[in-house]
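This report goes through the fold in parts: a helix, a sheet and the nonpolar cores. Please keep the sequence and the structure open while reading.

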Amino acid sequence: MEHSRTKEIIDALSNKAQDKLKRLEVTNEEIENILKSINNKIEKLDYEILQDIINVEKQVNYNFVEDYKNYLLKHTELKPEKNILELSNGVEKLVRYFYSMDPNSKTYILKFQSLDSEFKNKLVPFGELEFGDTLCFERETNKIVVYNHENGTIDLIA
């Protein structure tokens, strides 16, 4: 199937343009082939992301919690929908972004694994908050904490 026709069919499907599909005389077989192709691309992408996650886990010697892995597989945008966190002391913090598992990204997680504190071997940074604080997993408990870079303390999130 030629590329421009495939593009037209995908456009018509995504816009639910039945009249355009009829005009193009699209067959069910064409639609099934396009959907299989899309599904294969998604599976390949998921596999690549999963391999990136596994590589990072090996490098940092930590297995990320399943919820976090699932989030990474389902979201290409690494900014959480709800980007305000409330600390146990009532202070609110703004999440700028989660670190990427893509080694070609400028926010690649392995670039942000060093902490200058007594907590450097106890925490695994995975996101950046406003004003330079870091969102981390606590290695022993898998709890989510905020590392305050100014005073070297941690605050529990969840």
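## Terms and model

A residue is called buried when its relative accessible area is under 20%, and exposed when that area is over 50%. The model discussed here is predicted.

## Helix H1

Ile9 has a relative accessible area of 0%, so it is buried by the cut-off of under 20%. This residue lies in helix H1, which runs over residues 3–14. Ile9 and Leu24 are 15 residues apart along the chain, and 7.9 Å separates their C-alpha atoms.

Along with Ile9, the buried residues of H1 are Arg5, Thr6 and Ala12. Viewed down the axis of H1, the buried residues fall within an arc of 125°, and therefore they line one face of the helix. The other side of H1 carries the exposed residues His3, Lys7 and Ser14.

The length of H1 can be checked against its residue count. With 12 residues at 1.5 Å a residue, H1 should span 16 Å, and this agrees with the 16 Å between its end C-alpha atoms. After H1 comes Lys16, which has a positive phi near 55°.

## The sheet

Strands of a sheet pair through backbone hydrogen bonds, in either a parallel or an antiparallel way. In this model, 6 strands form an open sheet in the order S1-S2-S3-S4-S5-S6, and the pairing is antiparallel. Strand S1 (84–86) and S6 are at the edges; each has a single partner strand, so one side of each is without a neighbour in the sheet. From one strand to the next, the twist averages 45°.

Ile84 has Leu94 of S2 as its bridge partner.

## Leu123 in strand S3

Leu123 belongs to strand S3. Its relative accessibility is 2%, so Leu123 counts as buried. Apart from neighbours within four places in sequence, Leu123 contacts Leu115, Cys136, Phe137, Glu138, Arg139, Val145, Tyr147 and Ile154. One of these, Tyr147, is 24 residues from Leu123 in sequence, with a C-alpha to C-alpha distance of 8.6 Å.

In soluble globular proteins, nonpolar side chains tend to be buried together. The largest nonpolar core of this model has 25 residues, of which Phe64, Tyr68, Met101 and Ile109 touch the most other members. At least two residues of this core come from each of helix H3 (28–60), helix H4 (66–74), strand S2 (92–98), strand S3 (123–129) and strand S4 (134–138). H3 contributes the most, with 4 residues.

Which residues does Ile109 touch, not counting those up to four places away in sequence? They are Val56, Phe64, Tyr68, Tyr99, Ser100, Met101, Pro125 and Phe126. A second core of 8 residues is separate, and its members include Leu21, Leu24, Val26 and Ile34.

Key: Residues numbered from 1 in each chain as written. Predicted model: local features only at pLDDT ≥ 70, side-chain atom pairs only at ≥ 80, totals over all residues. Heavy atoms only, no water. Buried < 20%, exposed > 50% of the residue type's maximum accessible area, 1.4 Å probe, protein only. Core = buried A, V, L, I, M, F, W, Y, C linked by side-chain atoms within 4.5 Å. Contact = heavy atoms within 4.5 Å. Pairing = 2+ DSSP bridges. Axes fitted to C-alpha atoms, helices over the stretch in contact; angles between N-to-C directions. Expected span 1.5 Å × (residues − 1). Arc of directions from axis to C-beta.
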